[in-house]
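Biologist: Could we go through the charged side-chain contacts in this model? Please show it first.

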Amino acid sequence: MIEVANRLKHVEEYYFSKKLREVAFLKSQGKPIINLGIGSPDLEPPFKATMLLKDSLDDEGANKYQSYQGLPELREEIGNFYKTRYKVSISGQTEVLPLLGSKEGIMHISMAFLNKGDKVLVPNPGYPTYAAVTKLLEAKPILYDLKEDNNWLPDFTALERLDLGKVKIMWINYPHMPTGANATNKFYDEVIAFGRRHNILIVNDNPYSFVLNEKPISIMRYNNAKEVCLELNSFSKTFNMAGWRVGMLVGSYEHLSAVLKVKSNMDSGMFYGIQKGAIEALKCSDMWFVSLNSVYQLRRELIWKLADGLNCTYDKDTAGMFVWAKLPPHLKSEEFTDLVLKEHSIFITPGTVFGTNGEGYVRFSLCASEEIIKEAIARV
Ligand SMILES: Cc1ncc(COP(=O)(O)O)c(C=O)c1O
């Protein structure tokens, strides 16, 4: 075996990559596993988006390499989407960069702005990829606490006390995964001021703003945001297109140019048909969002019942496609989820996957039909 690069020595295989192998093994042994662990939307993408993808296959040039920045119509439509849905004005031509999903954007942004030894502020709990990518680039994640008693928002007094000298990036993500917490106007103003004061790039990872969330917000709506902020967004949850791999990055031309320098050396554009479908998805009417959310609303009510059955507590005033639930005192997340898997064949995610502050919590996904969730309730 050839020795692997040093950078791999500090990074674990992604939790779900490992755990889903175990779940697949249990299934192969005949266990009737119910998967409430992963947030992979089971609902269909917009019908017209799928039609456009199919219909575009015979277009001239559909098989060719595509532009590194995506089709101009796709960027334009992303600009329109931001205007209609977030009331934010961004230029489709210069302030949008389509991505092959937002997860790759986390790597591209990090490669564009981090040097070895730089520091990165990462939420605890939070999406594990922020810290993993930071480590892959031999930079240092500095975990900042999010706590329930502060509604899962950072404590800026504590942040100001840190040695911020080498901090280049701060990851934020509201509506927050895994807790479902939303941020306030005050928070966005504060975080932008913090970024400007310390010359830190603030990246808002925003894939959940259209799921069970009354007021979708883009950080770009706040004063001075373009100076220090980037925003990642995704079609995965908004349009049930997780496997299509479409996301976008929004921000100033200067910041995006740096990211494009990385991206254009790493991939060779997004498949034409997927871009055509994505353009159509962005044109969805209000009805799309209403029907998507009515399904998730019903599922969430059932998941609350399931959580009740497992003696967990939860906040009902949250957004996104998960229920974040607190365990009865003294129970450990991983022991609890292993027990639920063993006794009820239900896979849920231990809160510790998202950081030490997730201890004592579990995450239920809403990506399963009502029937399946009812079956889970019956089992417990
Ligand atoms: C907070 C957060 N950011 C980013 C992603 C990645 O989404 P995408 O499918 O756009 O790569 C996810 C996916 O689960 C997520 O939960």
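**Salt bridges**

Modeller: Glu 22 has a relative accessible area of 36%, which makes this residue partly exposed. Please note that the model is predicted.

Biologist: And Lys 19, buried or exposed?

Modeller: Lys 19 is buried, at a relative accessible area of 10%. The cut-off for buried is under 20%.

Biologist: What do the side chains of Glu 22 and Lys 19 form?

Modeller: They form a salt bridge, with an N to O distance of 3.3 Å. Glu 22 and Lys 19 are about one helical turn from each other because they lie three residues apart in helix 1, residues 15–28.

Biologist: Which residues make up the network with Lys 19 and Glu 22?

Modeller: Salt bridges link Lys 19, Glu 22 and Asp 338 in a network.

Biologist: How many salt bridges does the structure hold?

Modeller: There are 16 salt bridges in the structure.

Biologist: Turning to Arg 196, which side chain meets it in a salt bridge?

Modeller: The partner of Arg 196 is Glu 227, at 2.9 Å from N to O. This pair joins distant parts of the chain, 31 residues apart: Arg 196 belongs to helix 7 (residues 185–198) and Glu 227 to helix 8 (residues 225–228).

Biologist: What is the relative accessibility of Arg 196?

Modeller: Arg 196 is partly exposed at 39%, and Glu 227 is also partly exposed, with 47%.

Biologist: Next, what does Lys 9 form a salt bridge with?

Modeller: Lys 9 pairs with Glu 3, and their closest N and O atoms are 3.0 Å apart. Glu 3 counts as exposed, at 64% relative accessibility, whereas Lys 9 is partly exposed at 47%.

Methods. Residues are numbered from 1 along each chain as its sequence is written. This is a predicted model: local features need pLDDT of at least 70, side-chain atom pairs count only at pLDDT 80 or more; totals for chains, interfaces and linings use all residues. Side-chain values use heavy atoms; hydrogens and water are left out. A salt bridge is a side-chain nitrogen of Lys or Arg within 4 Å of a carboxyl oxygen of Asp or Glu. Buried means under 20% relative accessible area, exposed over 50%, partly exposed in between (1.4 Å probe, protein chains only). Helices (H or I, at least four residues) and strands (E, at least two) are DSSP runs, numbered from the N terminus.
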